[in-house]
Amino acid sequence: MPEPQPDPASADVEHGSTGRRRLGLLFWASVGWLGLIATLAATADWLPIPDPTRPGVAPARQPPTLHHLLGVDVLGRDMLSRTIHGARVSLVVGFSSIAFGLLVGGAVGVLAGYFRGRFEAIAMGTVDVLLAFPALVFALALVSFLGPSLGTVTLAIGVLSIAPIARIIRASTLAFAQREFVLAARTVGARHRRIIVNEILPNVIPAAVSFALVAVAVAIVSEGALAFLGLSVAAPTPTWGSMINEGRTVLQDAPHISFVPSAAMFLTVLALNFAGDSLRARFDVGEGRL
Amino acid sequence: MNARYLGRKVLLLVPVLFAVSALSFLLLNLLPGDPAIAILGPSATEQSVAALRHDLDLDQPLPVRYVRWMGHTVTGDLGRSYVSNQPTVEAVRQRLPVTLELLLLSQLLALALAIPLALLAASKPNGLLDRASTSTAFAFLAIPNFMLGVLLIYLFAVRVHLFPATGYTPFHDHPIENLRAMALPAVTLGVAELAVYLRLLRSDLIATLQQDYITMAQAKGMSRNHILLRHALRPSAFSLVTAAGLNLGRLIGGAFVVEYLFALPGIGSLTVESIFKRDYIVVQGTVLLVAVGYVLANFAVDVLYGVLDPRVRHARATA
């Protein structure tokens, strides 16, 4: 497209102006939603809501009413209560699996990206093997052979998060390991340990945290997919994925049964993605802003 | 393409394929209790359990079992279903075209929309189109495929009878019906990929456009389109290729869910149905085949990565 007048480095200027923005309203709204969901999930047993597994609290498939704010499901169980209790499974699986993955994968990634050589070859070979199993298929296989439960689902998702985390952290470490300030530190004789702790980690950690938030979202979606296929926590315990699946057959008369847990999961995943992305934009020091 | 670099990559394939096969093989050992009883169910007779134990070499030590199992596997024998008695390879061969069509359609859809949209968005960062496409992509990333699938079924099959909610027609029977049946599944699977590709390519393009050689090209008076297409696209396509390769795994996982949701007779629904029927030998076989296919696809991506970025090719060849 022809520019009407000379436009000196417009991309730099425009991009630069968006850098280092403050954490905006949407970031805090995301944190607020996550806090709300976490609080509700933690205090679910004391809240004035019906038992999520008790059938027939209202006529089956009843849409939202004043008594049952989010309606009831095909067995007449309260949807609000089921959604709040379903959050427990999603949050526990999401956060504990990624904490595990970050601990193992992060360490492997930094060491591999920094030292390279044989350790990198072995570590990344192992990562390639883990990545060679398509994530969800791997989880599906593990969970179905071990028997579905909260523990096996968390374990499966945690183990499969190691490889992508290690790969991302290694790439991030690689990007910094060849940079001028690292070369400078090496030239003045700094030890490996010192370079990793003082030069590499401060640059890698913000990326790791923002990636971890997004990874929690992925873990929650993975648990949802397994639950949707009937391969997560067993039946009477509500999970968002299994609730969406239960409502699938009655989309015609009672779409709320699928849509309520969908909305809860959507907002949670969106909030995690948004928080992760805002942190990245906040802490990422791009070339253009140096 | 450097022959030595390619040779190293091929050599690396061997341990990866070995580990993939070993892990798939070991899956049966994860079954609680006796695998033979787990496969045949608690009501099986003693003779049939003994026969299966013999078939699976369960009376042999683990390494011997693995070698025998590998021997069968490389000759194309992945065992048979203990429910339908159909050989696993046969079942996979019947269903593979459906899965491949689904993957191809969704990937084409995602790339065909992502590349032009990213170019347009990056050419005016923070412009109207950029902001609109970035935030839409962001929202779509938060919609899991099973949720999007249910929503699309509700909108386009239940409310408006535009597409069938479930079912499948082979392409050679009726191409139009086939594409109608594939439309919702392919969109369900492709939308998240589109969002990923768009975001990646856009941000890489914007970063590339800040490089000195782009300023140089601008200084020489080259047009914006020329710079975008001829100077910026290739170095920026770098993460896109990696992502497309890595996403293949997610895409295959997604295909499992989408096939189940839309009742498409592909490998995914074969696996899920087999899990429900406790037909573990078939599950093991499909997991192995899918993983091997994924390893080979990743290999292709890695080679392509080197072709795209001479810096990597050079660094790896001299490493």
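Is Tyr114(A) buried or exposed? With a relative accessibility of 6%, Tyr114(A) counts as buried (under 20% relative accessible area; exposed is over 50% and partly exposed in between, with a 1.4 Å probe and protein chains only). The model is predicted, with local features needing pLDDT of at least 70, side-chain atom pairs counting only at pLDDT 80 or more, and totals for chains, interfaces and linings using all residues. Residues are numbered from 1 along each chain as its sequence is written, chains are lettered from A and ligands numbered from 1 in the order in which they are written, and side-chain values use heavy atoms, without hydrogens and water.

Over all chains, 12 aromatic pairs were found (ring centres of Phe, Tyr and the six-membered ring of Trp within 6.5 Å; planes under 30 degrees apart are stacked, over 60 edge-to-face, the rest tilted). Tyr114(A) and Phe115(A) form an edge-to-face pair, because their ring centres are 5.0 Å apart and their planes stand at 85°. Phe115(A), at 41% relative accessibility, is partly exposed. In chain B, Phe25(B) and Trp69(B) make a tilted pair, with 5.4 Å between centres and 45° between planes. Phe25(B) belongs to helix α1 and Trp69(B) to helix α4 of chain B, so this pair ties together parts 44 residues apart in sequence (helices are DSSP runs of H or I, at least four residues, numbered from the N terminus). Phe25(B) and Trp69(B) are both buried. One aromatic cluster consists of Phe228(A), Phe146(B), Tyr260(B) and Phe276(B).

How values were computed:
Helix = DSSP H or I, 4+ residues; strand = E, 2+ residues; numbered from the N terminus.
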